[in-house]
Amino acid sequence: MRDLFIDLHTHSSVSDGTEPPAALIRAAVGAGLDVVALTDHDTTAGWAEATAAASEAPITLIPGLELSTRIGYRSVHVLGYLVDPTDAALVAETARIRERRMSRARRMVDRIGADHPLTWEDVLDQARPGATIGRPHIADALVQRGLATDRSAAFRGILHPSSGYYEPHDAPDPVAGVALIKQAGGVPVIAHPAASTRGIAIDEERLRDLVDAGLGGLEVDHRENQSAGKRTLMEWADRYGLFITGSSDYHGTGKPNRLGEHRTGPRVFERIVAEARGASVVVGPGARTTG
Ligand code: AMP
Ligand code: ZN
Ligand code: FE
Ligand code: FE
C-alpha cells in the first residue's frame, strides 16, 4: 500500500490564508491528502470549523497552530500540534501576540497611508472578523487599491523590511514559545528554520535550549528553506533525536505554495500523535490512517 500523504502546515482565513477552514479541508481532500494539519498563526479559532468539516470527509485532521516568536529582529515560527486549546497560558500568550500584531499592522498602515491612498478600514475589509492580522491582509488591501498586482508583489515592495514601512511585531523568545506549547500538551516543531537567506535563525547552542524545552522536530522540507541550511538541520536532527517534517505552508490563493508540495513521513505522524497530550486527531469517515 502507498504511504500516507501527509501535509502538516496550512493556513485558513482564520489567520492569513484565503479559504475558511471548511474549504481548506475540502481542498486537502481534493489534493488527495490523508492527513492535514491546520496551523493558523497564533490562534486555534479555526479548529471547530475544521473539525466539523473533517468529521464528514475521508481525511485526518491534526489541529495545531503556528506560534510567532522572535530573536531580536528575526522572527522564528514554532508549529504546535495537538495543544490543549483551552490551556490558560497559551490562550493568554496568543491573545497578547494577536494584539501586538494588530497594533503593529496599524502603525505600518499609518506610515503607508501617509504616502499612498490606503486606510486601516481597507485592511479590515480584507480580514475575516477576529482573524490574526498580518502583512498579507495589508497586501490584499494594497491589491484592492491597485497599489500592487498581487500579495507576493506587495511583499517584494511596500511590505518588504527594507521599504521603510516595515516593523516587526513583538513576540516571545522561541525557547519560551516551545515551552509554552509543550506545557499545553502539544508537540513543538520549528517552522522553516532555514528560510532566510541570512542563514538559520537559531544557532546550535540555542537549539540545545529548545531541545531542553521540549522541541520535537524541525521542518526541513519547505520551499523557502535554503539547501545549505537544510543539510545542517538534518545533522542537528540526527544529533539531538529530533524528527523532521515536510510541509507546504499553504495559504490558499495568497501564496504559490500548493497543498502536499512537501510531505511528512508516516512514522513522524505516529510519533506526533503518541507524544501529544493536549488534543486528539480528528479521523473522518473513510480516512486512511495506516500506510
Ligand atoms: P507577518 O507575519 O505579518 O510579518 O507576515 C508574514 C506572513 O505572510 C508569513 O507567515 C507568510 O507566510 C505570509 N504570506 C502570505 N502570503 C505571502 C506572500 N505572497 N509572500 C510572502 N509572505 C506571504
Ligand atoms: Zn502566514
Ligand atoms: Fe511561518
Ligand atoms: Fe505558515
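1. A donor here is an N, O or S atom within 2.8 Å of the metal, or 3.2 Å for Na, K and Ca. Water is not among the atoms, so a site may look incomplete. Keep that in mind for the metal sites below. The model is predicted.

2. Distant parts of the chain are linked here: Glu 66 sits in strand 3 (residues 60–71), and His 192 in the loop between strand 5 (187–190) and helix 8 (204–212). Glu 66 and His 192 are 126 residues apart.

3. Is Glu 66 buried or exposed? Glu 66 counts as buried because its relative accessibility is 1%, and the cut-off for buried is under 20%. His 192 has a relative accessibility of 15%, so His 192 also counts as buried.

4. Backbone at His 192. Phi of His 192 is near 25 degrees. That is a positive value in a residue other than glycine. His 192 is placed in the loop between strand 5 and helix 8.

5. Zinc site. Which residues supply the protein donors of the zinc ion (ligand 2)? They are Asp 16, through two OD entries, His 41 (NE2) and His 251 (NE2). The donors lie 2.0 to 2.6 Å from the zinc ion. Their spacing along the chain is D-x24-H-x209-H. The pair of His 41 and His 251 links distant parts of the chain, 210 residues apart. His 41 belongs to strand 2 (residues 35–41). His 251 belongs to the loop between strand 7 (243–246) and helix 10 (266–275). Both His 41 and His 251 are buried.

6. Metal pair. How far apart are the iron ion (ligand 3) and the zinc ion (ligand 2)? The separation is 5.6 Å.

7. Asp 249. The loop between strand 7 and helix 10 also holds Asp 249. Phi of Asp 249 is near 60 degrees, again a positive value in a residue other than glycine. Asp 249 is buried because its relative accessible area is 3%, against a cut-off of under 20%.

8. Ligand 1, contacts. There are 14 residues around ligand 1. Those that come nearest are Arg 104, Arg 135, Ser 152, Gly 254 and Lys 255. A polar backbone atom of Arg 135 is 2.8 Å from an oxygen atom of the ligand. Ser 152 places a polar side-chain atom 2.9 Å from a nitrogen atom of ligand 1. Lys 255 uses a polar side-chain atom too, 3.0 Å from an oxygen atom of ligand 1.

9. Ligand 1, burial and shell. Taken alone, ligand 1 exposes 500 Å², and the protein buries 87% of that. The space it takes is the largest pocket. Helix 3 (88–115), helix 5 (135–144) and helix 6 (151–156) are the elements that give two or more residues to the shell. Which of the helices gives the most to the shell around ligand 1? Helix 6 does, with three residues.

10. Helix 3, Thr 94. Thr 94 is in helix 3. Its relative accessibility is 6%, so Thr 94 counts as buried. The side chain of Thr 94 reaches the backbone oxygen of Leu 90 at 2.7 Å.

11. Helix 3, Val 91 and Ala 88. Both Val 91 and Ala 88 lie in helix 3. Val 91 is partly exposed because its relative accessible area is 40%, which falls between the 20% and 50% limits. Ala 88 is exposed, with a relative accessible area of 61%.

12. Ala 88 and Ala 184 are 96 residues apart along the chain, and their C-alpha atoms are separated by 8.6 Å. Val 91 and Asp 150 are 59 residues apart in sequence. In space they are 33 Å apart, C-alpha to C-alpha.

Methods. Residues numbered from 1 in each chain as written. Chains lettered and ligands numbered in written order. Predicted model: local features only at pLDDT ≥ 70, side-chain atom pairs only at ≥ 80, totals over all residues. Heavy atoms only, no water. Helix = DSSP H or I, 4+ residues; strand = E, 2+ residues; numbered from the N terminus. Buried < 20%, exposed > 50% of the residue type's maximum accessible area, 1.4 Å probe, protein only. Near = heavy atom within 4 Å. Polar contact = N/O pair within 3.5 Å; in protein donor to acceptor, adjacent residues only side chain to side chain. Areas by Shrake-Rupley, 256 points an atom, 1.4 Å probe, with all protein chains shown as cover. 1 Å grid on protein atoms, 1.4 Å probe; cavity = no way out; pocket = protein on both sides within 12 Å on 5 of 7 lines; lining within 4 Å. Sits in = over half its atoms within 2 Å of the grid points.
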